[in-house]
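Me: I have a structure open and would like to learn how to read it. Could you take me through a few features, step by step?

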Amino acid sequence: MKNILFKSAIITPLFVLLLSSCHGEKKESLSKEPAIAVKVSGASENNNGQFVKASGKIEAENSANLSTRMMGYVTKLHVQVGQKVGAGQLLVSINNTDLQAKKAQVDASILQATAGYNNAKKDYDRFVNLFKQQSASQKELDDMTARYEMAKAGLEGAKQMRNEVMAQFSYSNITAPFAGVVTNTFVKEGDMANPGMPLVSVEGASRLQVTAMVSESDIASIKKGMAVTVLVKSSNESLNGKVNEVSLSAKNTGGQYLVKINLDKTGNTVLSGMFVNVQFPVANAIQTKTNEKVLVPENTLVRQGQLTGIYTIGTGNIAILRWLRIGKNFGNQVEVLSGLSANEQYIVSAEGKLYNGALVSVQ
C-alpha cells in the first residue's frame with residue numbers, strides 16, 4: 001500500500017507537468033501563427049452624391065418581327081440565326097403561284113387596254129381634225145371623246161391592278177427592313193405561313209439601348225438627357241449612356257416607370273438581351289435627406305445564408321465578424337441600417353482568408 005501511494009505521488013506531478021507542457025506548446029503555436037495583412041477603412045457617408053440603382057436590359061434600338069399578310073407555304077428560308085443581313089436582303093420566300101397567275105392576267109389586260117387606248121386615240125385625233133374642217137358634227141366628236149376617255153381610264157385601271165399584284169409579291173418575298181442580325185426564325189421550309197404570324201426576327205446591331213424600370217419614389221429625379229452609368233452584370237463592364245425617354249405613366253408596367261437609355265459606342269462583348277444595373281445620379285435637392293446614411297462597398301460584405309456581415313478590428317488586432325442589417329443599394333455601395341456606426345473601421349481587403357478571431361496586421 002505504501003508503494004502504491006509512493007508511485008502515485010510521483011506520477012501525478014509528472015502528469016501535471018506534461019499536461020502544462022502540452023498546453024504551453026499549443027499556446028506557443030497559436031501565438032506563432034502569422035498575422036493576416038489587411039486594409040481598413042472608415043464607413044463613408046453619402047456626401048459625394050447619391051445614385052439611384054435600377055435593373056434593366058440591353059436591346060437593339062431597331063428590332064422587328066417580320067410577318068406576311070398572305071397565306072402560303074414557305075418555299076425557302078434564306079437566312080440563319082446569327083447571320084448579318086443588309087437592308088432589302090431577301091429573308092423568306094413564300095409560294096406565290098396564284099400571284100404569278102394574277103400577274104399574267106393583269107399583263108394581258110394591260111395589253112388589251114393599251115390596244116384599245118391606241119385605237120381610240122387615233123380616232124379621237126382624226127375626229128378633232130374633221131371637226132375643225134367642219135366635216136364632223138359636235139355629236140360625233142363628243143361620242144369619240146367619251147370613247148377615248150373610257151379607253152384611257154381602262155388602261156389606267158389595268159396598270160393600277162398590276163401595281164396591286166406587284167405589291168402582293170412583297171409579302172411573298174420577305175426582305176430585311178434595315179441592316180442588322182437575324183435573332184430568331186419561327187418557320188422552316190414547308191411550313192404554312194399565315195397572315196400576321198412572325199416569320200423572322202431581325203435586330204439592328206449598330207446601336208443598342210437599355211430599358212430600365214424605375215420605382216415611383218425615384219422617377220421624379222430622373223430627367224431626359226441625364227448621363228448615367230450602366231454596369232453589365234455578366235462581365236462587370238461599365239458603359240456610359242444618356243437618358244433618352246422617360247415614361248410618366250406606370251399604368252401598363254405594374255407600378256414601375258419605363259426609362260430608355262441610349263448607350264455610347266459598345267464593344268463586341270456587349271450583346272442584346274444582357275441584364276444590367278443602371279446608376280442614375282440624383283439631384284442635390286434630395287441629398288440632404290440621405291447624408292446621414294452609412295454606406296459600405298458591396299464587395300466588403302460577407303454573406304452566410306440569410307445573414308450579412310462585415311469584418312471589423314477588435315482589441316489586439318483580432319478580426320471580428322459583425323452581423324449587419326442592410327438597406328438599399330446605391331451604385332456599388334450598400335446602406336447599413338444597423339450593426340456599424342459611422343466612421344467605424346472595417347476591413348476592406350485581406351491578403352489571406354479571414355475568419356472570426358484571426359490575427360490581423362493593418363497595412
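This is a predicted model: local features need pLDDT of at least 70, side-chain atom pairs count only at pLDDT 80 or more; totals for chains, interfaces and linings use all residues.

Me: Let's begin with helix α3: how many residues does it have, and how far does it reach from its first C-alpha to its last?

Reply: Helix α3 covers residues 138–169, which is 32 residues, and it reaches 47 Å. That is close to the 46 Å expected at 1.5 Å a residue.

Me: Which residues of α3 are buried?

Reply: Start with the general idea. An α-helix has 3.6 residues a turn, so residues three or four places apart point the same way. In α3 the buried residues are Leu141, Met144, Tyr148, Ala151, Leu155, Ala158, Val165 and Phe169. Among the elements that cover them are α2 (97–132) and β8.

Me: What is the strand order in the sheet that contains β8?

Reply: That open sheet has 4 strands in the order β8-β7-β5-β10, paired antiparallel. Its edge strands are β8 (173–175) and β10 (192–193), each pairing on one side only. Between β7 (residues 90–94) and β8 there are 3 bridges, and valine 92 stands opposite isoleucine 174 of β8.

Me: And which strands stand at the edges of the sheet with β4 in it?

Reply: The order there is β4-β11-β9-β6, an open sheet of 4 strands with antiparallel pairing. β4 and β6 (84–85) are the edges; each has a single partner strand, so one side of each has no neighbour in the sheet. Further in, β9 (residues 180–185) pairs with β11 (residues 200–203) over 4 bridges in the antiparallel sense. There, valine 181 faces glutamate 203 in β11.

Me: What should I look for in the backbone angles of loops?

Reply: Most residues other than glycine have a negative phi, and most peptide bonds are trans. Asparagine 236 has a positive phi, near 55°, and lies in the loop between β13 (227–232) and β14 (238–246). Asparagine 317 also has a positive phi near 55°; its loop runs between β19 (307–314) and β20 (318–330).

Me: Is each of these asparagines exposed or partly exposed?

Reply: Asparagine 236 is exposed, because its relative accessible area is 67% and the cut-off is over 50%. Asparagine 317, at 36%, is partly exposed.

Me: Last one: which residues form the nonpolar patch on the surface?

Reply: Met71, Tyr73 and Met192 do, with about 320 Å² of accessible area together. Methionine 71 sits in the loop between β4 (63–66) and β5 (72–77), and it counts as exposed because its relative accessibility is 54%.

Notes
Residues are numbered from 1 along each chain as its sequence is written. Side-chain values use heavy atoms; hydrogens and water are left out. Patches are made of residues with over 30% relative accessible area and no salt bridge: like charges are joined within 9 Å, nonpolar side chains (Val, Leu, Ile, Met, Phe, Trp, Tyr) within 5 Å. Accessible areas come from the Shrake-Rupley method with a 1.4 Å probe; for residues, only the protein chains shown count as cover. A salt bridge is a side-chain nitrogen of Lys or Arg within 4 Å of a carboxyl oxygen of Asp or Glu. Helices (H or I, at least four residues) and strands (E, at least two) are DSSP runs, numbered from the N terminus. Buried means under 20% relative accessible area, exposed over 50%, partly exposed in between (1.4 Å probe, protein chains only). Two strands pair if DSSP finds at least two bridges between them. The expected span of a helix is 1.5 Å times one less than its number of residues. Contact means heavy atoms within 4.5 Å.
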